[in-house]
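The following note sets out points for a colleague's reading of the model. Please keep the sequence and the structure open alongside the text.

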Amino acid sequence: MPSHSRWLNPLLLCAAAAACGGPFPQSTFRPASDFAGAIDHLFTGIFWWAVLVFVVVEGLLLYVIVRYRQREGAPTPKPVHGHTVLEIAWTLAPALILVFIAVPTMRAIFSTQADPPAGALRVEVVGHQWWWEYRYPALGVVTANELHLPAGRPVTLELSSADVIHSFWAPRLGGKRDVIPGHVTRIVLRADSAGTFLGQCAEFCGASHANMRLRVMVESDSVFGAWVRGQLAATAPVARGSAAAQGQQAFMRYGCVGCHTMGAMSNAKLGPVLTHLGSRTTIAGGLFPNDSAHLARWIGDPPGEKPGSIMPNMHVPASDLATLIAYLQSMR
Amino acid sequence: MSGATAASQEKGRGGLASWLTTTDHKRIGLLYFYTAFFFLLVGGFEALLIRAQLAQPDGRIVSAETYNQLFTMHGTTMVFLALMPLTASFFNYMVPLQIGARDVAFPRLNAFSYWVFLLGALFMNASWFAGPLLHVGRLSVAPDAGWFGYANLTSRQYSPGPNVDFWVLGLLILGVSSLAAGFNFIVTILNLRAPGMRMMRLPVFTWMTLVTMFLIITAFPVITVALVLLLFDRTFGTHFYLTSAGGDPLLWQHLFWIFGHPEVYILVLPAMGIVSEVLPTFARKPLFGYTVVVYSGVLIGFMGWGVWSHHMFSVGLGPIADSVFAATTMLIAVPTGVKIFNWLATLWGGQLRFTTAMLFALGFIGMFTIGGLSGVTHASPPADLQQTDTYYVVAHFHYVLFGGTVFGLFAGMYYWWPKITGRLLSESIGKWQFALMFVGMNLTFFPMHFIGLLGMPRRIYTYGPELGVSSLNLVSTIGAFLTGLGILLFVWNVWRTRTRGAVAGNDPWGGATLEWTIPSPPPVHNFDVIPTVASRIPRWTKTQLAAIPEGAELSPPEIHVPGGSAWPLVTALGVPVLALAPLGHALWLALLGAAIILLGIFRWAFEPFEV
């Protein structure tokens, strides 16, 4: 990381950690990509300029408060109306400091918005109320809420919206970019190394804006390759007579196929693709861990768990719920 | 408006009718003050509910829907129903006194502005209880799309209820009030100055009022256009903001922020004006660099028009647009910094008296500086990509609008309360209030810098414990309640001052400007004899002082002042009726509203001017 960060990060993290501790999975102080690193470096420089001005101005303020407090018997102050040289000095000084902020800013604007290098992996990110759809046109993969990226390779995220304005933000991987209907916006980044990075929608997008989470799995080339092959492979057929097979029946009976893509069975696009749901770590737009208990809670009452959810409460009885969950978990 | 002599007016000052028909700028100022302060309490209550919800992760105090209504109404209320009208109360009361006038240029238009503001505020807040009337099956239909109301979330498709309609129509009503006041005060300041009160002798507060009014009359038409387009999209099926037929939601963002950034200066410049009055008085020194302070205020007003896209850096306008708006935004820090250095130079070498008004003015300098510096960090677009729409920005603008505007307004309240009521607010309660608010606001807003940079977005009704920001949020909530306690102390102070406050006399502080030459509270006609001004600081200039007659020493002569009129109120009543038409989908309401307005204007126009 740039030299500034080594100074700033411990300082800010200590202040924050003193109050709450924790690994801070969405901290902008822990950059994990070239994009996030460039911003962190720029911010650190501006931060120290701001500290300098802060110390000067607040120091002067405290000084005059102490030095010029009213004293008994002091004469009436001399009326001073102004001083041209001083006025010019304190007009030029901030202007000069701003040059030191503006030049690196312009550099960073152009470097972070540069065209992606040839061979960058292109991913189409589509924002929905309140979940994320990811499409890898070159790989033929479509998935939801958990974005898989290879480490150390340039990536272009092309952002668009299916409904209202959202904003894609995984702070450790870089700045946010709005997701706007009728527009295609772009994030170009290269993740440093493997890891799981949390993020969430940053533009208010309706009732469950707070519940529009996301996570990015940055993986080594081999792990990423394996994930892609897994996504492309057909899911194993359910064993006849098993709970999963009954769940598959329920999946059709309750009309789930009307909204969700599920392997070869359904191609619906309204909700997130569920074909390989069993291989994901979270459900419901990154809100809950992908386990039986949370699947039961979620399918049992989507609008109750996620206000405004388009997925209705289907009033699925417990017996069907268990088989549905068995089926979904078998779709790996 | 029947004319009346000052003496006869003084007698008839009691009873509800006299308040409903008043055209006295001082009474209208008081109406603005009490109404706006009530809405400051409402907006504050909304803020405390928000903070209660966020005190811990996975908060369950209010639902997602209610939370979204709370932050929408907190922002809308504070900007349009509390801070702007609080500054308006000072414009109304103080500007005529500071320029040596007997009233504003258009007293009945002034009354109209107030009534439209009150009705607009009530209309907007009626949404909290209007559900049953509109048969929507729940009590509250308060606006819930944010004070910035980004398209296309506000479209009929994604906001089908009447919530957004209340917001659109409420803001349109309030815009009428602001525009009328804007023209009124520009004419007042330009035309009603006392003899010798040249532009460069105007008190800085009056100067900043003038700049603010020019910003209002130029910025409000933009939001009006944006809102009318939205109203058409929602009501008549047009597609200005909808991509489905070639519209663009970004059009809204441009229009909103072309209004929205000047609006920031509409909120801050009056407070800067107040601070520029309070500091010299309690330092016993004239303002350092008066000309530079005035011109930098004017410059800020102009430059405020060229920075709107810095609210849109995350939109992806491209590197050229980002660079230009970064540069203009950084430049605005220069005139702002110049003001701060001139205030410090005013204090330098003075004899500082730490009255409550002075403490709030000093607090303004200290806190506004923090807000300004964090502002510079998001003038840099790449850095802003990590800051915008997070709690870091919430911290930034509350240092500007709370540490800045609200502190400046309280400085003004403590400074001018004795002039307005004739009694001094308690200084000891005032200092407790300042201490509570100073500690409270820093506890509330300083941790938000970290909360934001640690990854918590704005406008989320809940957050997970895994973010690691739970303790910081708890600290922030505790600070918010301390701040609220400080505000309650002020309410108590005002209440006990009615009977127990020390009598002020004409000039309890030794102020330099004209309002301190007349009795407190001022008589209905303000000045027995219109003073002739020969100095920027008339009361501090020996030769000038002798030339200004002290009001109380003269007997009230036969001075004609504007009498009352009911027609501004009648005309104003038609405006919300008109606004009910799109809500109730009823043409007859539109016709009724228009008829009331026409009747009011007709009677207003042909009202006998003199009896």
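1. Of the 332 residues in chain A, 42% are buried; a residue is buried if 20 or more other C-beta atoms lie within 10 Å of its own, exposed if 12 or fewer, and partly exposed in between, with C-beta atoms placed from the backbone. In chain B, buried residues make up 62% of the 611 residues. This is a predicted model, in which local features need pLDDT of at least 70, side-chain atom pairs count only at pLDDT 80 or more, and totals for chains, interfaces and linings use all residues. Residues are numbered from 1 along each chain as its sequence is written, while chains are lettered from A and ligands numbered from 1 in the order in which they are written.

2. Chain A contains eight helices and 14 strands; helices (H or I, at least four residues) and strands (E, at least two) are DSSP runs, numbered from the N terminus. The radius of gyration of chain A is 27 Å, well over the 20 Å that the globule rule gives for 332 residues, so chain A is more spread out than a compact globule. That radius is taken over C-alpha atoms, and the rule is 2.2 Å times the number of residues to the power 0.38. Along the principal axes, the C-alpha atoms of chain A fill a box of roughly 100 × 50 × 40 Å.

3. Chain B has 19 helices and four strands. The C-alpha trace of chain B spans about 70 × 60 × 45 Å along its principal axes.

4. Which strands form the open sheet of three strands in chain A? Their order is 4-10-9, with mixed pairing; two strands pair if DSSP finds at least two bridges between them. Strand 4 (146-150) and strand 9 (195-200) of chain A are the edge strands, each pairing on one side only. Strand 4 and strand 10 (residues 213-219) of chain A run parallel and are joined by five bridges, and Glu146(A) has Arg215(A) in strand 10 as its bridge partner.

5. Helix 4 (residues 221-232) of chain A lies across strand 4 and strand 10 of chain A, running at about 135 degrees to strand 4. Axes are lines fitted to C-alpha atoms, for helices over the stretch in contact, and angles run from 0 to 180 degrees between N-to-C directions. Two residues are in contact if their C-beta atoms, placed from the backbone, lie within 7 Å.

6. Strand 2 (residues 131-136) and strand 3 (residues 141-144) of chain A pair in the antiparallel sense over four bridges. These strands form a hairpin with four residues between them, and Gly140(A) in the turn has a positive phi of about 75 degrees. Tyr136(A) has Val141(A) in strand 3 as its bridge partner.

7. The contact between the chains takes 80 residues from chain A and 76 residues from chain B. On the side of chain B that touches chain A, helix 11 (residues 333-347) of chain B gives the most, with nine residues. Of the 15 residues of helix 11 of chain B, 14 are buried, so this helix is largely enclosed by the rest of the structure. Just after helix 11 of chain B, Gly349(B) takes a positive phi of about 80 degrees.

8. Thr517(B) sits in the loop between strand 3 (502-503) and helix 17 (542-547) of chain B. With 22 C-beta neighbours inside 10 Å, Thr517(B) counts as buried.
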